[in-house]
Amino acid sequence: MLYENVERKEKQMSELVKDIILVIVTAMVFWALPKIIKKVKTFLPGRGKTKRIIEKGINKEIQSMVEESCGVNILRYGIKVEWDEDVDNTTYLTKEGDVVVKLSYAHDKNQSRSFTKVLMLYLEESFMPEAKPFISNIVHDGCKYTIAKEITFRKDTEVYRHFLAAYLSPLLSEGRLFEQLMKKLELISQRGSFRSVLLRELFFLLESGNLSSSVMRDEVRRFIDFLWNIANKKEYEKEHREEPPLSFINRYIKIQIVLVKRRETEDLSHHIRAGEIAFSQGANAAYVAGWGEENIIDTKKTAEKLAEKGFNLVRELTFNAEFPEEVIPGICFVFGR
Amino acid sequence: MKRQEKLALRAVYEKDIEKLLESLGILDDVKNGQQNCYFCNEKVFLENFGGIIRIGGNLEIFCEKIECYMKMLKERKSR
């Protein structure tokens, strides 16, 4: 009798457990179902897929950009596409500049148009908005379009082609100054110093505050020329019969570039000394860089020595330096702030 | 690294344009070709609708030409 009671109770308990599990599973299914449906929809052609491709694509590139700019937030925000019909309409389109743009899927299957459209709108808002009073419009636009060029190039050939044809080419034909600037920025970007040096320095410049717009505009323009001369080293040397200056110590921007070049001697002391002198003269940062297998080894040794001497190593970056005939891996150590 | 806040960009999906315009009370105007692009002044219909922006206190429609989209970006930048 006792045994039967125990058995019945065990059976009841097991039924109860089964019921509880069933209730939990049912609740979880109902809770998760809308999310699952939403997720599945993002893979079906249409609204969800458009949103996913654009958000995911741009956010991924933003992340790389920030990483490659030594972790500084050159692009202040991530991006989120909000469909007008999903949000309360009364709160939007009420302020000056509020905008709703059309995105398509049917007429834009590879999403190159929508991607570029959203990217340009995003960059307008997110690329160093606080820099606008201090750097000229043309430089701000130049940097923005160079970022867009890099992002679209990495994204997809179609997107890149569309960006060049529809957005960049018309602007280039509008003004010679902009065209010249874009050529300089392109070369600086190809040599790997657009994000890691130029944008990084611009970022810190704006962080420092207390700036004079006119002095700064001129200084930024000269800083771009300084980086361009280094990127265009061979041509510069042909024209001037000397190396381009590697030191830029001005009112706001104070940096040293240490280019570790082909090994002719084991002695790296002149590279180390260049870094030491720069900091003693007030440099805020030194970029120790080299490309090619042998130079990378020497660059690492130089960086180690500088670190041993107590200089603050902020970041180690690897990049690909693009030359007309080849692409060479490079390395850059950032010292200073 | 922790990602910073996200910038929300408002968009309308091509199939939802009618709903948007209806909510703004201008659907019939657009269907009847009574709305012009703010930037190029060409007539805007549902087929070439590019977007809508608030400028000078008014809601202005623009067409889907990239020149007009770029003008819209410039307009926002200047504000």
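I'll start with one pair in chain A: Lys233(A) and Glu243(A) form a salt bridge, with the closest N and O atoms 3.7 Å apart. By salt bridge I mean a side-chain nitrogen of Lys or Arg within 4 Å of a carboxyl oxygen of Asp or Glu. Lys233(A) sits in helix α9 (residues 233-240) and Glu243(A) in the loop between α9 and β3 of chain A, so the pair ties together parts that are 10 residues apart in sequence. Helices (H or I, at least four residues) and strands (E, at least two) are DSSP runs, numbered from the N terminus.

Before going on, the conventions. This is a predicted model, in which local features need pLDDT of at least 70 and side-chain atom pairs count only at pLDDT 80 or more, while totals for chains, interfaces and linings use all residues. Residues are numbered from 1 along each chain as its sequence is written, chains are lettered from A and ligands numbered from 1 in the order in which they are written, and side-chain values use heavy atoms, with hydrogens and water left out.

Back to Glu243(A). With a relative accessible area of 36%, Glu243(A) is partly exposed; buried means under 20% relative accessible area, exposed over 50%, and partly exposed in between, using a 1.4 Å probe and protein chains only. The bridge is part of a network of salt bridges that links Lys233(A), Glu237(A), Glu243(A) and Lys261(A). Over all chains the structure holds 26 salt bridges. Another one of them is between Arg200(A) and Glu201(A), at 3.9 Å for the closest N and O atoms. Here Arg200(A) counts as buried at 1% relative accessibility, and Glu201(A) counts as buried at 2%.

Next, the strands of chain A. Two strands pair if DSSP finds at least two bridges between them. Strand β4 (residues 254-259) has five of its six residues buried, so it is largely enclosed by the rest of the structure. Strand β3 (residues 247-249) runs antiparallel to β4(A), joined by three bridges, and Ser247(A) stands opposite Gln256(A). Four residues lie between β3(A) and β4(A) in a hairpin. With strand β5 (residues 285-291), β4(A) pairs in the parallel sense over five bridges; there Ile257(A) is opposite Tyr287(A). Further along, β6 (residues 313-322) and β7 (residues 327-336) of chain A are antiparallel, with nine bridges. A hairpin of four residues joins β6(A) to β7(A), and Arg315(A) faces Val334(A) in β7(A).

Two buried residues in helices of chain A. Ile147(A), in helix α4, counts as buried at 0% relative accessibility. Contact here means heavy atoms within 4.5 Å. Leaving aside residues up to four places away in sequence, Ile147(A) touches Met65(A), Leu75(A), Leu123(A), Phe127(A), Phe194(A) and Leu199(A). Ser196(A), in helix α7 (residues 194-208), is buried at a relative accessible area of 6%. A polar atom of the Ser196(A) side chain lies 2.8 Å from the backbone oxygen of Gly192(A).

Now the interface. How many residues of chain A are in contact with chain B? There are 59, in contact with 41 residues of chain B. The two chains bury about 4400 Å² between them, 54% of it on carbon and sulfur atoms; buried area is the accessible area (1.4 Å probe) that two parts lose on being put together, summed over both. On the chain A side, Leu93(A), Glu96(A) and Lys102(A) lose the most area to chain B, together 16% of what that side buries.

The rule finds three salt bridges across this interface. One of them joins the side chains of Lys102(A) and Glu64(B), at 2.9 Å from N to O. Arg76(B) also forms a salt bridge with Glu125(A), at 2.7 Å for the closest N and O atoms. Arg76(B) lies in helix α3 (residues 66-77) of chain B and Glu125(A) in helix α3 of chain A, so the pair joins two chains. Of this pair, Arg76(B) counts as buried at 16% relative accessibility, whereas Glu125(A) is partly exposed at 27%.

Last, a pairing between chains. Strand β1 of chain A and strand β1 (residues 6-13) of chain B run parallel, joined by six bridges. Within that pairing, Trp83(A) has Ala11(B) as its bridge partner.

Note on methods
A polar contact is a pair of N or O atoms within 3.5 Å; within protein, one must be able to donate a hydrogen and the other to accept it, and residues adjacent in sequence count only if both atoms are side-chain atoms.
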